[in-house]
Amino acid sequence: MENWDTLKSEKDESRLLAGMIDEADAVVVGIGAGMSAADGFTYTGKRFTENFPDFIGKYKWFDMLQASLFDFPTRTEYWAFQSRFVELNYLDQPAGDGYIALRKMIEDKDYHVITTNADNAFYAADYDMDKVFYYQGEYALWQCSAFCHQQTYRHDDQIREMVRVQKDMEIPPELIPRCPECDAPMEINKRTAEKGMVEDAAFEADREQYEAFLEAHKSGKVLYLEIGVGYTTPQYIKHPFWRMTRQNKDALYVPMNQKTYRIPEAVRPQTVALTGDIRENILNAHKTLTYKG
Ligand SMILES: [Zn+2]
């Protein structure tokens, strides 16, 4: 750890973040739901209640997460909800300031991103999408619900049509998208514990690129920057970040989260946990780096 000079003097979290990014040879960024929430793309509050009052009235949901995992009784209702959800969280999602500032901080470095989010935040904030690996699917993509073949599909116009013509929380049955191979209904491309997820050639190519990046940066000052990652699916970002940090004595593990999670003893000496507001820390760190030139 003697390699990270930044850590010696800096106590302010945003300056510390700026210093660590500046000093790193490579940055592996893991992004979870907390990052989008910090940028205002929350699953609760007005964003939820104003867009789904009818569904909330019927099912008494607490938030959009619960809603998105709901087992709908019919496909017409499933797509009435999903089409509105996809429009809100993908098709019409604006660029977030935090995402933009983060991009500007890392874009001149060697970096790669893995995310368990499925929203449009990286596209909207103009990331180089060759460097972003969506591990859990994307809301705009569809898969065959029977998993008959490994291909995803995207038809934004049909989503918008479903939003426009739905009535009483149902789309007309003829708008239910069907698999071109087996005629089973389509569903959103999304990983579940029971079925996994359809992973097509584009997904495989993204996975290979991410893994090649990790392989190329197994030594040196690698920053594993984990932003807004909770404990729902630790096997995708958190646990691999711990493991890779342990395997490289010059690596740093930096989780940004207001909630703190138990970090294994072996990783703690290489951990700098930032518990302040995610968005504030990123925006201020970006300012620090800009002044520094
Ligand atoms: Zn099929």
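The zinc ion is coordinated at 2.3 Å by the SG atoms of Cys144, Cys148, Cys179 and Cys182. Donors here are N, O and S atoms within 2.8 Å of the metal (3.2 Å for Na, K and Ca); water is not among the atoms, so sites may look incomplete. The model is predicted: local features need pLDDT of at least 70, side-chain atom pairs count only at pLDDT 80 or more, and totals for chains, interfaces and linings use all residues. Residues are numbered from 1 along each chain as its sequence is written, and side-chain values use heavy atoms, with hydrogens and water left out.

Along the chain, the zinc donors follow the spacing C-x3-C-x30-C-x2-C. The angles among the four donor atoms run from 105 to 117°, and the site is tetrahedral. That label requires all angles of four donors to lie between 85 and 135 degrees. Cys144 is buried, at 0% relative accessible area. Cys148 is partly exposed, at 38%. Buried means under 20% relative accessible area and exposed over 50%, with partly exposed in between (1.4 Å probe, protein chains only).

Salt bridges number 19 in the model. The rule asks for a side-chain nitrogen of Lys or Arg within 4 Å of a carboxyl oxygen of Asp or Glu. Asp39 lies in the loop between α3 (33-38) and α4 (45-49), and Arg279 lies in helix α13 (residues 278-292), so the pair ties together parts 240 residues apart in sequence. Helices (H or I, at least four residues) and strands (E, at least two) are DSSP runs, numbered from the N terminus. Asp39 is buried at 11% relative accessibility, whereas Arg279 is partly exposed at 24%.

Arg160 and Glu87 form another salt bridge, with their closest N and O atoms 2.9 Å apart. Arg160 belongs to helix α10 (residues 156-165) and Glu87 to helix α7 (residues 75-91), so this pair ties together parts 73 residues apart in sequence. Arg160 is partly exposed, at 33% relative accessibility. Glu87 is buried, at 16%.

Glu204 is partly exposed, with a relative accessible area of 30%. Salt bridges that share partners also join Asp39, Asp97, Arg279 and Glu280 into one network.

Helix α8 (residues 97-106) is mostly covered, with seven of its ten residues buried. These buried residues are Gly98, Tyr99, Ala101, Leu102, Arg103, Met105 and Ile106.

Asp119 occupies the loop between β2 (110-115) and α9 (121-124). Asp119 is buried yet has no salt bridge. The nearest side chain of opposite charge is that of Arg47, 6.9 Å away. In this count Lys and Arg are positive and Asp and Glu negative; His and the chain ends are not counted. The side chain of Asp119 instead makes polar contacts with the side chains of Ser36 (2.7 Å) and Gln93 (3.2 Å). A polar contact is a pair of N or O atoms within 3.5 Å; within protein, one must be able to donate a hydrogen and the other to accept it, and residues adjacent in sequence count only if both atoms are side-chain atoms. Beyond its neighbours within four places in sequence, Asp119 is in contact (heavy atoms within 4.5 Å) with Ser36, Asn89, Tyr90, Gln93, Tyr134 and Tyr139.

Note on methods:
Four donors count as tetrahedral if all angles lie between 85 and 135 degrees; four count as square planar and six as octahedral if opposite donors are over 155 degrees apart and all others between 65 and 115; anything else is irregular.
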